[in-house]
Amino acid sequence: MNKLAILITAALSASAGLLPLAAPASGPADDGARPAPSVCAPVTVTAPRGATVESVTAQGYPAGTVTFPEATPPLQTPAPIPDVPARCDITVTLTHGRAGDHETVKVSLPQDRADWSGRFQATGGSAYLAGDLGATLVAAVKDGYAAAATDAGIGQSPADVSGWALTADGRVNRPLLENFASRSVHDLAVVGKSVTKEFYGSKATYSYWNGCSTGGRQGYVAAQEYPQDFQGILAGAPAVSWDRFAVATLWPQVVFNEEDVAPAPCEIEAFNTAAVDACDTIDGVRDGIIDDPQDCTWDPHELVGTQVDCDGATYTISPDLADAVRKIWQGPVSSSGRPLWYGPNKGAAFNWLATPGQPFVVADQWVKYFVAKDPQLDTAHLTYRQFERLFAASQREFHSVIGSDDPDLSAFARSGGKLLSWHGQADQLVPTQGTVDYRERVTKAMGGNARVDSFYRLFLPPGVNHCGIGTDPLDTLVDWVEQGKAPATLPAVVTERDGRTVTREVCRYPLVTRYEGDPADGAGYRCVAAS
């Protein structure tokens, strides 16, 4: 399967396919009579400050199974969704002054008020997709939400920014980048809640953000820049510090180029296999998973001289390859050896970021179009010196635009908002330690873990890849927001060495899990301070 298709499927399923059927937060009186459905027609829409409403249209759909048109590769066609109630899709087009943009916000609502939980849900995107306007919204409607997504005015391509990134004279299209970075997040909240209120005649009782990857970054943006837009924010695998992350993930290509190595897929994955073997039992149980990769000090040079069979060919691990893997795990550094950002964790698959000659699409597009402003740049053959210059340029020009990592969450805390975030320890796309870095800076800025835990909790599920938690944390967030039940643990589905899939309770950061019994039955574990 195409790598980007896997990325999009994982990210969208995290926000669309696993939404809980929650108990209504508000609804009609139980008098035995079902209220008449709302009329599916255009409504009056409140425009966000600085924006103008260009058009409002409405389209109704009957109850039943919803199927989707065949998607254009690399996107995958979503599976049919059964038992969807009758719904009304209201589409709003916005523009922002002289920007000359045309942003689409789509709001999907259960036609009958009795099918509405009283909640509003804004949904996020993945890669360069600001939001999915199809299956994500249908799934949310099935689960009782009025739901909305935006295209940020940049279209629906997650992997190709060539149509919007640069102006005709080769400059960065700042208005559209600002839409993607942050402005459309607020637009989505204002328009979505306005449409919901007009459609039902009353405002949503609770408003939530739900996203992973780019959607996770958008959720952090909401907490940082628009602290009163959502009472609850679910942000998985957040691609925060975008100005650094989106360059840093080219580092493996730079290492391969400079060190003149080009390992076969199973050759480089042999290092992950060996690291897991060496560090598996640090948590007290052998299960084929490194619970906390930061505890794993295994040296890749221990594999030098080992023979690896790859589809009938035999490779001998060389010192040069071992050194390259060490540098990839270490993460990018400057010419003076100063750490610039984080590499993937030990145990995270290499195939996305570290396949020679195949740069990660998000990083490739970012560096070509936004940083270098040169669509012809070959990002698979950068030198260390070129990389360092590009990294510095990205920070200098774009941190204030799309850094998405301001640690001051005081306004969000004062508003009573709750931020529930998670990031898999085996994330193969977005280095997990970038999220940990952000949480540590928030902790330092806001008075320690105890205070921060009152409104922002982070979970690091072991062995979980990008957007692959396998459970739905949204119901946990709903319980925290509406019932005050702050989560001490979060369930995650992990695959162990023997292929067995188990659900584990993951401790909130900075605590880690230590097993004293059989982890397969969810018992015998405790949360302890990291060593």
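Trainee: How do β4 and strand β5 pair?
Mentor: β4 and β5, the latter covering residues 103-110, run antiparallel and share eight bridges. This is a predicted model, by the way.

Trainee: Which residue is the bridge partner of Thr-91 in β5?
Mentor: That is Lys-106.

Trainee: And how many bridges are there between strand β1 and β4?
Mentor: Nine, again in the antiparallel sense, with β1 spanning residues 52-61. As one example of the pairing, Gly-60 sits opposite Cys-88 in β4.

Trainee: How many residues of strand β4 are buried?
Mentor: Eight of its nine, so β4 (residues 87-95) is largely enclosed by the rest of the structure.

Trainee: New topic: confidence. What is the mean pLDDT of the chain?
Mentor: The mean is 91, and 91% of the residues reach 70 or more. Over residues 8-31, though, the pLDDT is below 50. That stretch still has 61 contacts in the model beyond near neighbours in sequence.

Trainee: Got it. How many salt bridges are there?
Mentor: The count is 17. One of them joins the side chains of Asp-287 and Arg-504, with N to O at 2.3 Å.

Trainee: Where do Asp-287 and Arg-504 lie?
Mentor: Asp-287 is in the loop between α7 (265-279) and β10 (307-310), and Arg-504 is in strand β15 (residues 501-507), so the pair ties together parts that are 217 residues apart in sequence.

Trainee: Are those two buried or exposed?
Mentor: Both Asp-287 and Arg-504 are buried.

Trainee: Which residue forms a salt bridge with Arg-326?
Mentor: Asp-323 does, and the closest N and O atoms are 3.0 Å apart. Both residues belong to helix α8, three residues apart, or about one turn of the helix.

Trainee: Why does that spacing matter in a helix?
Mentor: An α-helix has 3.6 residues a turn, so residues three or four places apart point the same way.

Trainee: What about Arg-441, which residue does it pair with in a salt bridge?
Mentor: Arg-441 pairs with Asp-405, and their closest N and O atoms are 3.5 Å apart. This pair links distant parts of the chain: Arg-441 is in helix α12 (residues 432-445), while Asp-405 is in the loop between α10 (384-402) and α11 (410-414), 36 residues away.

Trainee: Is Asp-405 buried or exposed?
Mentor: Asp-405 is buried, with a relative accessible area of 4%. Arg-441 counts as partly exposed, at 28% relative accessibility.

Trainee: Which residues are joined with them into one network?
Mentor: Salt bridges that share partners join Arg-244, Asp-405, Asp-437 and Arg-441.

Trainee: Now, what about Lys-346, where is its place?
Mentor: Lys-346 is in the loop between α8 (319-330) and α9 (361-371). It is buried yet has no salt bridge. The nearest side chain of opposite charge belongs to Asp-299, which is 8.2 Å away.

Trainee: Which backbone oxygen lies 3.4 Å from a polar atom of the Lys-346 side chain?
Mentor: The one of Cys-296. Outside four places in sequence, Lys-346 is in contact with several residues, including Asn-272, Ile-290, Trp-298 and Trp-329.

Trainee: Back to strands. Are the residues of strand β13 buried or exposed?
Mentor: Both faces of β13 (residues 456-459) are covered. Tyr-456 and Leu-458 are buried on one side, and Arg-457 and Phe-459 are buried on the other. β13 runs parallel to strand β12 (residues 418-422), joined by four bridges. Leu-419 stands opposite Tyr-456 there.

Trainee: Last one: which peptide bond is cis?
Mentor: The bond from Tyr-509 to Pro-510 is cis, with omega near 10°. Pro-510 is in the loop between β15 and β16 (511-515).

Notes. Residues are numbered from 1 along each chain as its sequence is written. This is a predicted model: local features need pLDDT of at least 70, side-chain atom pairs count only at pLDDT 80 or more; totals for chains, interfaces and linings use all residues. Side-chain values use heavy atoms; hydrogens and water are left out. Buried means under 20% relative accessible area, exposed over 50%, partly exposed in between (1.4 Å probe, protein chains only). Helices (H or I, at least four residues) and strands (E, at least two) are DSSP runs, numbered from the N terminus. Two strands pair if DSSP finds at least two bridges between them. Lys and Arg count as positive and Asp and Glu as negative; His and the chain ends are not counted. A salt bridge is a side-chain nitrogen of Lys or Arg within 4 Å of a carboxyl oxygen of Asp or Glu. A polar contact is a pair of N or O atoms within 3.5 Å; within protein, one must be able to donate a hydrogen and the other to accept it, and residues adjacent in sequence count only if both atoms are side-chain atoms. Contact means heavy atoms within 4.5 Å. pLDDT is the predictor's confidence in each residue, from 0 to 100.
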